Structures are given as C-alpha cells and as structure tokens.
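Subject: Structure handover

Hello,

Please find the structure below, together with its sequence. My notes on it come after.

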Amino acid sequence: MEGKVYKSTGSWYTVKGADGSFYECRIKGKFRIKGIKSTNPIAVGDHVHFELDDKGDEKVGVIHSIEDRKNYIIRKSVNLSKQTHIIAANLDQVFLLITLNNPITYTIFIDRFLVTAEAYDVPVVLVFNKIDTYSQEETDEIKFLASLYREIGYTCIGISAKTGKNVDKIKEMMKGKTSMFSGHSGVGKSTLINAIEPNLEIKTAEISQQHLQGQHTTTFAEMFDLSFGAQIIDTPGIKGFGIVDMEKEEIGDYFPELFELKQDCKFNNCIHVDEPHCAVKRALEAGKVSWSRYKSYLQMINGEDDTYRMDMYGERK
C-alpha cells in the first residue's frame, strides 16, 4: 500500500493510505535513508510504501520503503550538536511565525531558519504575529524588519491570529498546498491554525516546561487536512535552530543578497570576511547589505551554535 505520513511519535507513524483510511505503522528493521543520519528516518509529509499485518483484531502497518523527497526541513539542536532531526518533508511552503516580544524572536534564529530553507529548496513566508499588541515604537521595528526581508525577496505579512487581521491572506496562500507553521513556543501557531480552521481545536497553551532547551526529541510534527483544500503541518515550538551539514564556503550562497554579489568579488572563493576587493564588504559599508544579516552570516561560518539568542543589535540574551 502507498500513503503519506501524518504523524510521528518516534516509534509509531500515522499514515493516510491512498484509500483515505489512517493506519498505525512501524518501521521494518533498521531504516536509513541515503546517508541522512537523523533521529527520525521517516518524517511527517513523507510518501511511504507499507504492508498490513494482522495483530489480533487490528491491522498494523509495516513501512518498508520511502519515496524520494522533493525537499525537507532539517535541524540540529543547539546542545545535542551531533543529533539532527527532520521536521517535515515534501513542503510547498513554510510560514515562520515571528513575534517581537512574548516571546522574542531573534534575527539570528530567523536567518538560520531561512538559510536551511534555502539549502533544501523550501519557500518561506515570514509572518509577523500579534501586531495588535505592539506600541507605535514596536510597530515601527516590525515594519523595519519586514522591509529588510522584503528587500531580500521574502514575502512578509503582519497578522493578528487573535483578532483575525490578515488571517484570510494566509488562508488564501495555503489553498491547494501543503504548508508548515513553525517558530518558537508561544508565537501563536496553534492560535493561527484555529483561526484558519476552528474545527481542529488545537491546544494553544504552548509555553510550557516541556519545551525547555535540550529536550529536542519532542520536536514531532503533525499534518491536518483542512476544509478548503489545503494541508497544514503544525510543529511544536523550536527553541534554537542549528544548521546541518554545510561547509563554511557554501553558507553565503544561501543568503540571496550575498549570493547575488558574489560574482563581483575579486576572488572566486571569497567568504566575505578578510579578503580584499570583496563586493559584500563594499555593499555592507554602503548600507546595501543588512548588518544584522551579515552578523548572522559570520556566526554561522564561525560555527557559533550557542549564539542563536542574539538580537539584531548584538546583545546576548
């Protein structure tokens, strides 16, 4: 039988078969996928082949193969740097929810997420949530951030999941697609999903002890079919976002604005740090490249995984 993985709990997978029925499945033996060493060889969104076994009165599925993925989002934890986790696969787009406070979303976190998405061909929409709660000064900061990322080429939307402002725009973008919602705990992912599809009744109180730093094995996603012809993958809150398997020399290629300037650097292997006649450094000095983005880039090429909680002004939190 063929099906798509809707939920993973680490050892059991809920698979929706081509017949529309859901089956609880396990993996057949040791399961490794083309050298990807992750804590979960199968992820939500994967297309799998499975067989049914009779276990007493119920039928249990056994997954024996997985189809090639068109893309996926993978991360490594900040503390458990040798462990990686595939959050979800075969995505049409990811909505990354961002809040200025309660909780704070730091630019280094946004940039790490965007770099990973660029590397694995996943389109990202930046969603600035809770805009109904901000002061004028905070609203100006959100507008500044949104303009910064729009200039690079990212779609940015300001919303309030609580009041419903611009939720219809998100809904329209989701039609006919498989989308993932991501971001820190408490940014309003569940509130937004409930605003889009109230019948799902996803639990909202996400700020809890279970998401303490280090407990990254709880990062399991779940897919839902929506009434307007869309699929949503909800993910538990992510604290930090460590990038995976990237050489120092290639990281700049996943910053679209740096990649665009690369051809104007004097040296082909320029990594935009100390090299002479560097087009990126020239653009930086001229204010054409964002200092916060460049700071994120430096932290990534230096392998500073513990500085993900750094704000755009460089202050450690």
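This is a predicted model: local features need pLDDT of at least 70, side-chain atom pairs count only at pLDDT 80 or more; totals for chains, interfaces and linings use all residues.

**The whole chain**

The protein has 13 strands and eight helices. Of its 317 residues, 53% are buried. I also looked at contacts between residues at least 6 apart in sequence: 64% of these join residues at least 24 apart.

Which strands pair with strand 11? One of them is strand 8 (residues 93-98), which pairs with strand 11 in the parallel sense over four bridges. Here F181 of strand 11 stands opposite F95. Another is strand 13, again in the parallel sense and over four bridges. In that pairing M180 has I233 of strand 13 as its bridge partner.

Strand 13 (residues 230-234) also pairs with strand 12 (residues 222-226), this time in the antiparallel sense and over five bridges.

**Helix 1 and helix 8**

Helix 8 has 11 residues, and eight of them are buried, so it is largely enclosed by the rest of the structure. The buried ones are S292, R293, Y294, S296, Y297, Q299, M300 and I301. They pack against helix 1, helix 2 (136-152), helix 5 (248-251), helix 6 (256-262) and helix 7 (279-285). Just after helix 8 comes G303, with a positive phi of about 70°.

How do helix 1 and helix 8 cross? The axes of helix 1 (residues 107-119) and helix 8 (residues 291-301) come within 9 Å and cross at roughly 70°. Helix 1 is therefore roughly perpendicular to helix 8. The crossing of the two is right-handed. On the helix 1 side, T107, I108, D111, R112, L114 and V115 take part in the contact, and they meet S292, R293, S296, Q299 and M300 of helix 8. Sorted by class, this contact of helix 1 with helix 8 has four nonpolar, four polar and three charged residues.

**Helix 3 and helix 4**

A second pair to look at is helix 3 (residues 167-174) with helix 4, whose axes come within 10 Å and cross at roughly 75°. Helix 3 and helix 4 are therefore roughly perpendicular to each other. V167, I170, K171 and M174 of helix 3 meet L192, A195 and I196 of helix 4. The residues in this contact of helix 3 with helix 4 are six nonpolar, no polar and one charged.

H184 sits in the loop between strand 11 (178-182) and helix 4 (189-196). Is H184 buried or exposed? Its relative accessibility is 9%, so H184 counts as buried. Leaving out residues up to four places away in sequence, H184 touches P103, I104, T105, F109, K189, G237, I238 and K239. The C-alpha atoms of H184 and P236 are separated by 8.1 Å, although these residues are 52 apart along the chain.

P103, one of the residues that H184 touches, is in the loop between strand 8 and helix 1. The peptide bond that joins N102 and P103 is cis, with omega about -5°.

As background, most residues other than glycine have a negative phi, and most peptide bonds are trans.

N90 has a positive phi, near 55°, and is a residue other than glycine. N90 lies in the loop between strand 7 (84-89) and strand 8. With a relative accessibility of 12%, N90 counts as buried.

H272 is not a glycine either, and has a positive phi of about 60°. H272 lies in the loop between helix 6 and helix 7. H272 is buried, with a relative accessible area of 4%.

Regards

Definitions and conventions. Residues are numbered from 1 along each chain as its sequence is written. Side-chain values use heavy atoms; hydrogens and water are left out. Buried means under 20% relative accessible area, exposed over 50%, partly exposed in between (1.4 Å probe, protein chains only). Contact means heavy atoms within 4.5 Å. Axes are lines fitted to C-alpha atoms, for helices over the stretch in contact, and angles run from 0 to 180 degrees between N-to-C directions. Angles under 35 degrees count as roughly parallel, over 145 as roughly antiparallel, 65 to 115 as roughly perpendicular and the rest as oblique. A crossing is left-handed if the near helix is turned anticlockwise from the far one by less than a right angle, and right-handed if clockwise. Ala, Val, Leu, Ile, Met, Phe, Trp, Tyr, Cys and Pro count as nonpolar, Asp, Glu, Lys and Arg as charged, and the others, Gly among them, as polar. Two strands pair if DSSP finds at least two bridges between them.
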